[in-house]
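Good morning, colleagues. Please take a moment to look at the sequence and the structure, and then I shall walk through the parts in turn.

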Amino acid sequence: MKIHLIVIRTKDPEILKKQYELLGMQFEYHRHGNGPYHFASETNGVVFEIYPLSPSMTSADKSLRLGFEVQHISDVVAKLQATNWVIKSTVKQTEWGLTAVIQDLDGRKIELKEVES
């Protein structure tokens, strides 16, 4: 099994797209058939999409936790400190390597993990 699609929903897709672009994602704006317009980014065979909230939703799911591998994690976290990302845990050595935890505008926690280049 391999994950190939992750979809998150938000009340303001444009702002959230800009936030995730700071992690290095590049998005396209499109729609499928009669579905809503949304942003999609593909990296290493995984599609990450940002959709607007569905009509039945009143807020984004804050319980979803994501994890991304990044190069030069200390530089990435330093860059994010001057933006609208919330730094929940600065870079530290763990049993899984160098990690940090950040939080997006909707309250989702994202674990960053250093990957060797």
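I begin with a term: a residue is called buried when its relative accessible area is under 20%, exposed when that area is over 50%, and partly exposed in between, with a 1.4 Å probe and protein chains only. Helices (H or I, at least four residues) and strands (E, at least two) are DSSP runs, numbered from the N terminus. The model is a predicted one, in which local features need pLDDT of at least 70 and side-chain atom pairs count only at pLDDT 80 or more, while totals for chains, interfaces and linings use all residues. Residues are numbered from 1 along each chain as its sequence is written, and side-chain values use heavy atoms, with hydrogens and water left out.

Let us turn to the helices. In helix H1, residues 13-21, the buried residues are Pro-13, Leu-16, Lys-17, Gln-19 and Tyr-20. Why do they lie on the same side of H1? They do so because they cover an arc of only 160° around the axis, the arc being that of the directions from the helix axis to the C-beta atoms. Contact here means heavy atoms within 4.5 Å. The buried residues of H1 pack against strands S1 (5-10), S3 (38-43), S4 (46-52), S5 (65-70), S7 and S8 (109-114).

Lys-17 sits in helix H1 and counts as buried because its relative accessibility is 13%. Leaving aside residues up to four places away in sequence, Lys-17 touches Phe-27, Phe-39 and Ile-50.

Helix H2 spans residues 73-80, and its buried residues are Ile-73, Val-76, Val-77 and Leu-80. Viewed down the axis of H2, these fall within an arc of 95°, so they line one face of the helix. They pack against S5, S6, S7 and S8.

I now come to the strands. Two strands are said to pair if DSSP finds at least two bridges between them. S1 and S4 pair in the parallel sense, over six bridges, and Ile-8 stands opposite Ile-50 in S4. S3 and S4 pair in the antiparallel sense, over five bridges; here Thr-43 stands opposite Val-46 in S4.

Strand S6, residues 86-94, runs antiparallel to strand S7, residues 97-103, and six bridges join the two. Which residue in S7 is the bridge partner of Val-86? The partner is Gln-103. S6 and S7 form a hairpin, with two residues between them.

Within S6 we find Lys-92, which counts as partly exposed because its relative accessibility is 45%. Not counting residues up to four places away in sequence, Lys-92 touches Gly-97, Leu-98 and Thr-99. Lys-92 and Ser-74 are 18 residues apart in sequence, and their C-alpha atoms are 9.4 Å apart in space.

Next, the backbone angles. Most residues other than glycine have a negative phi. The hairpin of S3 and S4 has two residues between the strands, and there Asn-44 takes a positive phi near 50°. Is Asn-44 buried or exposed? At 71% relative accessibility, Asn-44 counts as exposed. His-72, in the loop between S5 and H2, also has a positive phi, near 55°. His-72 is partly exposed, because its relative accessible area is 46%.

Finally, the pockets. Rolling a probe the size of a water molecule over the atoms shows where empty space is left. On a 1 Å grid over the protein atoms alone, a cavity is a set of points where a 1.4 Å probe fits but cannot get out; a pocket is an open set with protein on both sides within 12 Å along at least five of seven lines, and lining residues have an atom within 4 Å of a point.

How much space lies in the largest pocket? About 550 Å³, where a volume is the space filled by probe spheres set on the points, and grid points are joined across faces, edges and corners. The pocket is lined by 18 residues, and the closest to its centre are Thr-43, Asn-44, Gly-67, Phe-68 and Glu-69. S3, S4, S5 and S8 are the elements that give two or more residues to this lining, and S5 provides the largest share, five residues. The lining divides into 10 nonpolar, five polar and three charged residues. In that division, Ala, Val, Leu, Ile, Met, Phe, Trp, Tyr, Cys and Pro count as nonpolar, Asp, Glu, Lys and Arg as charged, and the others, Gly among them, as polar.
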